[in-house]
Amino acid sequence: MPVGEDFAQAWIEAWNQHDLAAILSHYAEDVVFTSPSATRITGEPLGRVEGKAALAAYWGAALRQVPDLTFTLRGVFGGVNGLALRYHSSRTDAEVVEVIRFGPDGLAVEASAYYE
């Protein structure tokens, strides 16, 4: 299985188990994450979450609000120093594409979610 597939499977599994520590293990301390959904929880108008601690607070709140959240992986697209994951979210009943850029240590330093 290609590296992107390995990452995607581990990432989806962590989300579906609602294992916040496992989810965050994929991200660098200085990660920057953007998502239109972030504004709903953080109140930050640009949907930008900076740093792993802020991301933990955001995703922890999101998991508490949607205790039955599941993702279904639809595709993995490789790129230079990153990948894009296409998945179905049970929360929005829509397709999502998440683009992730990795640092030299293999941890995500930037991620952005795009909703159907």
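**Architecture and selected residues of the predicted chain**

Ser-112 is placed in strand β6, which covers residues 108-115; here helices (H or I, at least four residues) and strands (E, at least two) are DSSP runs, numbered from the N terminus. The structure is a predicted model, in which local features need pLDDT of at least 70 and side-chain atom pairs count only at pLDDT 80 or more, while totals for chains, interfaces and linings use all residues. Residues are numbered from 1 along each chain as its sequence is written, and side-chain values use heavy atoms, with hydrogens and water left out.

With a relative accessible area of 12%, Ser-112 is buried, a class that means under 20% relative accessible area, whereas exposed means over 50% and partly exposed lies in between (1.4 Å probe, protein chains only). The side chain of Ser-112 makes a polar contact of 2.7 Å with the side chain of Thr-34; a polar contact is a pair of N or O atoms within 3.5 Å, of which, within protein, one must be able to donate a hydrogen and the other to accept it, and residues adjacent in sequence count only if both atoms are side-chain atoms. Not counting residues up to four places away in sequence, Ser-112 touches Thr-34, Val-97, Glu-98 and Val-99, where contact means heavy atoms within 4.5 Å.

Val-99, one of these partners of Ser-112, belongs to strand β5, residues 94-102, and counts as partly exposed at 38% relative accessibility. When residues up to four places away in sequence are not counted, Val-99 touches Leu-83, Ala-84, Glu-110, Ala-111, Ser-112 and Tyr-114. For the pair Val-99 and Glu-110, a separation of 11 residues in sequence goes with a C-alpha to C-alpha distance of 8.2 Å.

A polar atom of the Ser-89 side chain lies 3.2 Å from the backbone nitrogen of Arg-91. Residues up to four places away in sequence being left out, Ser-89 touches Leu-69, Thr-70, Phe-71, Ala-94 and Val-96.

Trp-15 is located in helix α1 and counts as buried at 4% relative accessibility. The C-alpha atom of Trp-15 is separated by 21 Å from that of Gly-103, which is 88 residues away along the chain. In helix α4, residues 52-65, Gln-65 is partly exposed, with a relative accessible area of 48%. Apart from neighbours within four places in sequence, Gln-65 is in contact with Arg-40 and Ile-41; the C-alpha atoms of Gln-65 and Ile-41 are 9.4 Å apart in space, and the two residues are 24 residues apart in sequence.

Most residues other than glycine have a negative phi. His-18, although not a glycine, has a positive phi of about 55°; His-18 is placed in the loop between α1 (3-16) and α2 (20-24) and counts as partly exposed at 25% relative accessibility. Asn-81, likewise not a glycine, has a positive phi of about 60°, lies in the loop between β3 (71-79) and β4, and is exposed, with a relative accessible area of 54%.

Taken as a whole, the protein chain comprises 4 helices and 6 strands, and from the N terminus on its elements run α-α-β-α-β-α-β-β-β-β. The radius of gyration of the protein chain is 13 Å, close to the 13 Å that the globule rule gives for 116 residues, so the chain is as compact as a globular protein of that length; this radius is taken over C-alpha atoms, and the rule is 2.2 Å times the number of residues to the power 0.38. Along its principal axes the C-alpha trace spans about 35 × 30 × 25 Å. Of the 116 residues in the protein chain, 45% are buried, and among contacts between residues at least 6 apart in sequence, 40% join residues at least 24 apart. The protein chain exposes about 6,100 Å², of which carbon and sulfur atoms supply 54%, the areas coming from the Shrake-Rupley method with a 1.4 Å probe.
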